[in-house]
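Here is a friendly walk through one protein model, from its sheets to its helices and its ligand. Please have a look at the sequence and the structure first.

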Amino acid sequence: MVYFDYAATTPVDPECLKIYAQVSEDYWGNTSSLHDTGGKAQLLLENCRKRLGGALGVPPQGISFTSGGTEGNHLALLSLAFSYKRKGRHIIISGAEHSSLHSAAAFLEREGFMITKVPFTSEGLIDLNALEEAITDQTTVVSVSHVNGEIGSIQPLHDIKKLLHAKDILFHSDMVQSFGKLDSKEAASIVDSLTISSHKIYGPKGVGAVYFHPRSDIRPYMPHQTHEHGFRGGTVNLPGIAGLTAAALKVKAQDELDHYAGLRNHFFKVLESSSETPFTVYGAPDARQLPHIIGMRINGVEGQWLMLECNRRGIHLSTGSACQTGKHSISKTLGAMGLGERAGKEFVRISLGRDTTRGHIEQLAEVLSQIRHDSVHLLT
Ligand SMILES: Cc1ncc(COP(=O)(O)O)c(C=O)c1O
């Protein structure tokens with residue numbers, strides 16, 4: 001099997017797994033218990049918070065641990081919206097946000113908030129003019145992911161912040177796909193809240209964090225919760241948190257990016273050399289593109305069929321969109337870019353990881369070209 005779905009999840013790093021197991025054995029106390037078993041666990045929890053705060057360049061007291069990116073995004077959008085509801089009830093998200101932000105926005109809509117979804121340009125970047133036009137004096141929150149999870153485009157956080165400047169609008173950014181790949185400290189300094197997830201950076205699954213900037217006076221939307229500064233209830237997943245912290249401290253972002261950029265170029269070169277495999281890539285200019293996520297289509301080949309055929313041949317990639325029973329819905333990102341149903345149906349996402357080699361890339365290109373050849377043959 002060759003795995004090309006690292007944007008969906010990564011295998012856990014053996015050192016992080018070791019830490020997870022060790023903490024499970026040695027720090028199994030409940031961090032909220034007042035006796036020494038609990039105190040020992042609490043000490044480790046606060047140490048992890050401090051070290052993760054250091055990695056993000058933020059005050060540790062702003063960090064609350066969660067079960068992952070989805071929960072972090074729910075907590076962030078709802079807490080921001082409800083904290084500022086006296087000022088207004090208008091929330092803006094990009095049309096290409098992760099489904100967790102669309103679902104949080106749908107919940108807010110049901111609660112009487114107005115939601116505007118801003119489109120992307122054809123380069124996979126937020127349409128800044130449309131964003132500026134969407135802002136009203138009722139707008140309280142803007143949510144735009146740092147890196148798009150389907151095509152890997154890096155969103156211009158500074159430019160977005162400039163539009164919000166002096167308007168008292170809170171800025172949330174989902175940094176699940178950028179954390180560990182880009183300068184998190186710089187990005188974190190721009191926003192009022194952000195989310196990260198452990199399993200995208202070779203940490204254990206089921207753990208992540210949400211950060212709220214202490215200056216922003218953001219309160220939990222659900223009252224009387226007992227853990228994590230009131231943002232979340234329930235006994236904390238200390239082994240997972242220690243594993244996430246270890247994964248975050250282990251990341252060597254620049255080395256990884258250089259590795260991925262070389263593989264990405266090699267992939268396109270190999271595909272271009274085969275005229276039998278016409279393809280279209282969706283993404284931003286190089287300076288605004290993370291190289292390890294390749295959103296693309298093999299022209300004329302349905303994405304879901306391509307994914308299944310690849311799977312049959314031992315290549316694991318994704319269609320980058322949610323599959324509901326009997327229905328293959330179009331990628332949110334391509335929808336936000338204004339691309340039609342054909343492009344959406346043919347879309348696949350290939351994502352590279354630490355273990356991806358040039359040999360794997362050549363194998364992938366060969367399989368894609370075989371499948372394309374077979375599909376043309378089938379249709380004629
Ligand atoms: C951009 C983005 N945000 C949020 C999530 C959700 O993270 P988790 O799986 O930890 O809930 C994902 C995962 O696919 C993602 O790609």
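Strands β9 and β10 (residues 293-298) run antiparallel and are joined by 4 bridges. Helices (H or I, at least four residues) and strands (E, at least two) are DSSP runs, numbered from the N terminus. This is a predicted model, in which local features need pLDDT of at least 70, side-chain atom pairs count only at pLDDT 80 or more, and totals for chains, interfaces and linings use all residues. Residues are numbered from 1 along each chain as its sequence is written.

Within this pair, F279 has I298 of β10 as its bridge partner. The two strands belong to an open sheet of 3 strands, ordered β9-β10-β14, with antiparallel pairing; two strands pair if DSSP finds at least two bridges between them. β9 (279-282) and β14 (347-351) are the edge strands with a single partner strand each, so one side of each has no neighbour in the sheet. On average, and with direction ignored, neighbouring strands here are turned by 35° against each other. Helix α10 (residues 303-312) packs on this sheet, where it touches β10 and β14, and its direction makes about 40° with that of β14. For such contacts, two residues must have their C-beta atoms, placed from the backbone, within 7 Å.

## The seven-stranded sheet

Let us turn to the other sheet. It is open, has 7 strands in the order β2-β8-β7-β6-β5-β3-β4, and shows mixed pairing. At its edges are β2 (63-66) and β4 (114-118), each of which pairs on one side only. Neighbouring strands of this sheet are turned by 20° against each other on average, direction ignored.

Strand β3 (residues 90-94) pairs with β4 in the parallel sense over 5 bridges. In that pair, I91 has I115 of β4 as its bridge partner. Across the sheet lies α3, over β2, β3, β5 (139-143), β6 (170-174), β7 (193-197) and β8 (208-212), running at about 170° to β7.

## How the helices pack

Axes are lines fitted to C-alpha atoms, for helices over the stretch in contact, and angles run from 0 to 180 degrees between N-to-C directions. A crossing is left-handed if the near helix is turned anticlockwise from the far one by less than a right angle, and right-handed if clockwise.

| Helix pair | Axes | Angle | Crossing |
|---|---|---|---|
| α1 (residues 14-26) and α8 (residues 238-250) | 8 Å apart | about 150° | right-handed |
| α2 (residues 36-56) and α8 | within 10 Å | roughly 30° | left-handed |
| α3 and α4 (residues 99-110) | within 9 Å | roughly 35° | right-handed |

On the α2 side the contact uses A41, L44, L45, C48, R51, L52 and A55, and on the α8 side L238, I241, A242, T245, A248 and L249. These residues divide into 11 nonpolar, 1 polar and 1 charged.

In the remaining pair, G69, T70, N73, H74, L77, L78 and A81 of α3 meet S100, L101, A104, A105 and L108 of α4. This contact has 7 nonpolar, 5 polar and no charged residues.

## Around the ligand

Which residues are closest to the ligand? They are G68, G69, T70, G149 and S197, in a shell of 14 residues. A residue counts as near if its C-beta atom, placed from the backbone, lies within 6 Å of the molecule. Helix α3 (residues 69-83) gives the largest share of the shell, 3 residues. By class, the shell has 1 nonpolar, 12 polar and 1 charged residues.

Methods:
Nonpolar A, V, L, I, M, F, W, Y, C, P; charged D, E, K, R; others polar.
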